[in-house]
Amino acid sequence: MPETPHLDQIHIPADLKNRDLDFLKSVADELRAETIDAVSVTGGHLGAGLGVVELTVALHHVFDTPDDVLVWDVGHQCYPHKILTGRRDRIRTLRQGGGLSGFTKRSESEYDPFGAAHASTSISAALGFAVARDLKGEDERKVIAVIGDGAMSAGMAYEAMNNAGAMKKNLIVILNDNDMSIAPPVGAMSHYFARQVSSKSYQDIRKLGKGVARALGVEDAARKAEEYLRGMAMGGTLFEEMGFRYIGPIDGHKLDQLVPVLRNVRDYDEGPVLIHCVTQKGKGYEPAEAAADKYHGVAKFDVVTGEQQKKKPGAPSYTSVFAKSLIAEAETDESIVAITAAMPGGTGVDKFAERFPDRAFDVGIAEQHAVTFAAGLAAEGMKPYAAIYSTFLQRGYDQVVHDVAIQKLPVRFAIDRAGLVGADGQTHAGSFDVGYLGMLPGMVVMAASDEAELARMVKTLTLIDDGPSAFRYPRGEGTGVEIPDNPEPLEIGKGRIVREGTAVAILSLGGRLQESLKAADDLGARGLSTTVADARFAKPLDEDMILRLAREHEVLITIEEGARGGFGAFVLHMLAEKGALDAGLKIRTMTLPDVFQDQDSPYAMYEAAGLNAKHVVATALEALGRDAEAAKALA
């Protein structure tokens, strides 16, 4: 562990008060070293946090958190913040079971006033805090939102800025520009302007000038002239037009620039302010500086060499199988295009883009746009595959309903990260897509039980041209089955019997099929012949197969990697309509529990959810009235 004599003196942000710049710089250097060392142990989001070390120190030095409200967008960059806010002793539990969340979390600390893990929410939330503050008559409290340039690509950020500008609320937004370089620093003159326009003397002169201009009847002309001159010198006219006072760009790694500007802005009380702060992702750690994308999110790594811990080679990941399968289909079908919302590497669209650069589209953090963009492509006869994580597709749900489903447009949704995802925890779990898509008229919803099935589903969706469709698949490696070179398409709405039995039927949708087969082995050893079926489709259901399972078995268990109200509910509804629940059938539905689960390893999360093989066995035994045996199975 690094030596940190200055950081050791900081237990809460108040300990940063009344410290000189030299001390703060030492704290920042040690904070960076501590962050690197901690993430090397746990893995996590490294580059973004290293880029805001000085900004984090300056914010907690100038403002009175937690009384002053500090909202971090997304939360990828919050590790230094956690270290400074009383959580240093737990920082090496980041993203581990029972440990600190990798994002800000209200239940974790009073210094996390708003939880975030999806992008572009900070300004909206901060405006809510500012309005509440004013309604309560607590005008002296400050509200600050820190948002990255990537998050600023989402429309929600501009909706919030437009609202904040119109309301003229005292609100500070810090644009952490570490990639797009909206208006890069132009040297000492730029920093001089940033400091001057944030100063009280400038604001006093500006007030006086506005008064004179108003008296002379030239207020509009004076305002336009000032905006023009400031736009030439510093940029920011867009933000000014939205009602924000623009300050910057400033170097986000120089505390002697950050601290005075933040102090000036802290005392500004004429409406919302935006500080344009330019930083470098991975700042201060050479491997991360050299490869910002590679070190955005990292596995455990060697601090000295930067080499990340490599996984033992195994089966290909579901993501890579999707990418390879889609590329194969696109070789012979020029109408196939791929769309992602700021996750080309995470979804495999980057591989598709290497082969078909003109047919791959990364629209940024803009899931609503991605969905409707895909709808437009589909309306013009293309075959769009919108590859979006389950948790992020939630952000574009109205567009799925209104722009895709109602118009019966053949957009294909490739839903990555279905089910529980491990270290990213509750905010990134793909728990709800089966329910929220399966309820839509005309939607086809599939779930892959292994990588060969995924390849067949990619093929199947190329043939659906009369409405929307979706297939979901887990994060991580496949099961190791052989993937056919020329996969056969599936018959829509038809599942498959994987193993025949007579007493118990397990009907699996998606990635719990292997656990279901293990459970069948266990039940067989107990004298209970067990059928295992792969539903493949949550919609339309294979009614014939399910009715047969209901008729021929004493117990029917459905199992899925999704929340209540999904596949199991669809099966129950269908069986009730068909009168198949009246013949004494013992039916149980196994879903994710009705909670938001905290992070852990995927296996441990499914263990806690009660969706591993032993839980299936116990469920079957309980249904048969063998409660003691069921309890023993769980022991």
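The chain is assigned domain 1 (7-208 + 216-290), domain 2 (319-474) and domain 3 (497-634), with bounds taken from an automatic or database domain assignment. The model is predicted, so local features need pLDDT of at least 70 and side-chain atom pairs count only at pLDDT 80 or more, while totals for chains, interfaces and linings use all residues. Residues are numbered from 1 along each chain as its sequence is written, and side-chain values use heavy atoms, leaving out hydrogens and water.

**Contact between domain 1 and domain 2**

- Twelve residues from domain 1 and twelve residues from domain 2 make the contact, where contact means heavy atoms within 4.5 Å.
- About 930 Å² is buried between domain 1 and domain 2, and carbon and sulfur atoms give 51% of this area; buried area is the accessible area (1.4 Å probe) that two parts lose on being put together, summed over both.
- Arg 95, Phe 103 and His 118 supply 49% of the area that domain 1 buries against domain 2, more than any other three residues.
- One salt bridge is counted between domain 1 and domain 2, the term meaning a side-chain nitrogen of Lys or Arg within 4 Å of a carboxyl oxygen of Asp or Glu.
- Arg 95 and Asp 424 form a salt bridge through their side chains, at 2.6 Å from N to O.
- Five residue pairs, both at pLDDT 80 or more, are in polar contact across the interface of domain 1 and domain 2. A polar contact is a pair of N or O atoms within 3.5 Å; within protein, one must be able to donate a hydrogen and the other to accept it, and residues adjacent in sequence count only if both atoms are side-chain atoms.

**Five-stranded sheet**

- An open sheet with parallel pairing is built from five strands in the order β2-β3-β4-β6-β5. Strands pair if DSSP finds at least two bridges between them; helices (H or I, at least four residues) and strands (E, at least two) are DSSP runs, numbered from the N terminus.
- β2 (69-72) and β5 (245-251) are at the edges with a single partner strand each, so one side of each has no neighbour in the sheet.
- Neighbouring strands of this sheet are turned by 20 degrees against each other on average, direction ignored. Axes are lines fitted to C-alpha atoms, for helices over the stretch in contact, and angles run from 0 to 180 degrees between N-to-C directions.
- Five bridges link β3 (residues 143-148) and β4 (residues 172-177) in the parallel sense, and Gly 148 stands opposite Asn 176 in β4.
- Helix α3 (residues 53-62) lies across β2, β3 and β4, at about 160 degrees to β2.

**Seven-stranded sheet**

- The pairing is mixed in an open sheet of seven strands, ordered β9-β8-β10-β11-β13-β12-β17.
- β9 (360-362) and β17 (537-539) are the edge strands, and each pairs on one side only.
- β10 (residues 383-389) and β11 (residues 412-416) are parallel over five bridges; Tyr 389 has Asp 416 in β11 as its bridge partner.

**Salt bridges overall**

- The structure holds 42 salt bridges.
- Glu 331 and Arg 355 form a salt bridge, with the closest N and O atoms 2.8 Å apart.
- Glu 331 is in helix α13 (residues 318-332) and Arg 355 in helix α15 (residues 349-355), so the pair ties together parts that are 24 residues apart in sequence.

**Backbone exceptions**

- Most residues other than glycine have a negative phi, and most peptide bonds are trans.
- Gly 248 and Pro 249 are joined by a cis peptide bond with omega of about 0 degrees, and Pro 249 is in strand β5.
- Ser 120 has a positive phi near 80 degrees and is in the loop between α4 (79-87) and α5 (122-135).
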